[in-house]
Amino acid sequence: MVNCVRFCDTIGTSFSVLSVTAPGPALLGPTEAGRKLTRTLNEEVWEVWCQRRGRFGHFASLPDFNDVQGTLEEIRHVFFRPIWRALDSYGALVFVHPSEVKVTPEKIDGFLPQPVLDYPLVTTRAATSLIISGTVDACPNVDIILSHAGGTLPYVGERVITCLAEPSITNQCRVSVGQAQHSMSRFYYDIALSTSTSQLKALLAFTTPDKILYGREFPYAPTPGIYAALLQYSEFVTSDEGKCIGPVRLNQNAVDLLKKHGADNCVLPIAQNPGVLAEPEFGLESNDEANHARGLLR
């Protein structure tokens, strides 16, 4: 926790929403061990929140969705629809992030880590499935955040919509073209490790600035990579095209989204102005990348 707080202070983040991504409970499949791991992770993250109320929020982890009963018990405590109905009844804010991907070969050319390419592709598949299955349309009270700028969805999303007009596909789809377009427009996107100029331009061409959120991937990704992504973002938002998603805007987007779902379903920053940092608790990281990024974001 000390390292996380120090890192947040270094990059000027006053409030962070924690999540367990990969490997997560789904690693153990629809098993009792998966349920126990889910409960353990949620209790541990809850303890972090208790120690730093107002500094951290957190997304609850869920078991493998094939364990429907275990998942329903965890969100309040066969098919995925009962799970989404329960989430909708809670007005849940859902964060979609990949875990392990069961493909062969597991790593491209035997060495490329799955998060580099497979995770964004799996995110795209998951988002598309949520749309064309009618899940998003059936859950008006749920907001969904897609990790990593939505994977390749900003690039191929229109391709999905266009194909739904093909009669042979239309007859099998649960939603109309109009419903699919509306569902796609509802997604939120974090930009963790997805801040190159081409990615941010594609995202802005695909969605609106109010749907974009800042993300980091700390501590999963190497810190130098996170700083490099922050530098890309901080340089992009100095341009005319990027100024609409500057730090103040992304901060407000996050606060508005958390407030929308209310204190009963998520933890809100307790500071009246969450964009203003108090004195750093554990000092700041001192390196060229951190200093450069902070200088650009001032």
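Here's a walk through one predicted model, from its sheet to one of its helices and then to a helix pair.

Let's start with the sheet. Four strands line up in the order β3-β4-β5-β6, the pairing is parallel, and the sheet is open. At its edges sit β3 (93–96) and β6 (212–213), each of which pairs on one side only. If you zoom in on β3 and β4, you'll find 4 bridges holding to the parallel sense, and V96 stands opposite L146 in β4.

Now for helix α5, which runs over residues 114–132. Its 19 residues reach 26 Å from the first C-alpha to the last, close to the 27 Å expected at 1.5 Å a residue. Just after α5, have a look at the backbone of G134, where phi is positive at about 85°.

Two packed helices are described by the angle between their axes and the distance between the axes. For α7 (residues 153–163) and α10 (residues 197–206), the angle is about 35° and the axes are 9 Å apart. On the α7 side, L153, P154 and G157 make the contact, meeting A202, L203 and F206 in α10. Sorted by type, the residues of this contact are 5 nonpolar and 1 polar, with no charged ones.

Technical notes: Residues numbered from 1 in each chain as written. Predicted model: local features only at pLDDT ≥ 70, side-chain atom pairs only at ≥ 80, totals over all residues. Heavy atoms only, no water. Axes fitted to C-alpha atoms, helices over the stretch in contact; angles between N-to-C directions. Helix = DSSP H or I, 4+ residues; strand = E, 2+ residues; numbered from the N terminus. Contact = heavy atoms within 4.5 Å. Nonpolar A, V, L, I, M, F, W, Y, C, P; charged D, E, K, R; others polar. Expected span 1.5 Å × (residues − 1). Pairing = 2+ DSSP bridges.
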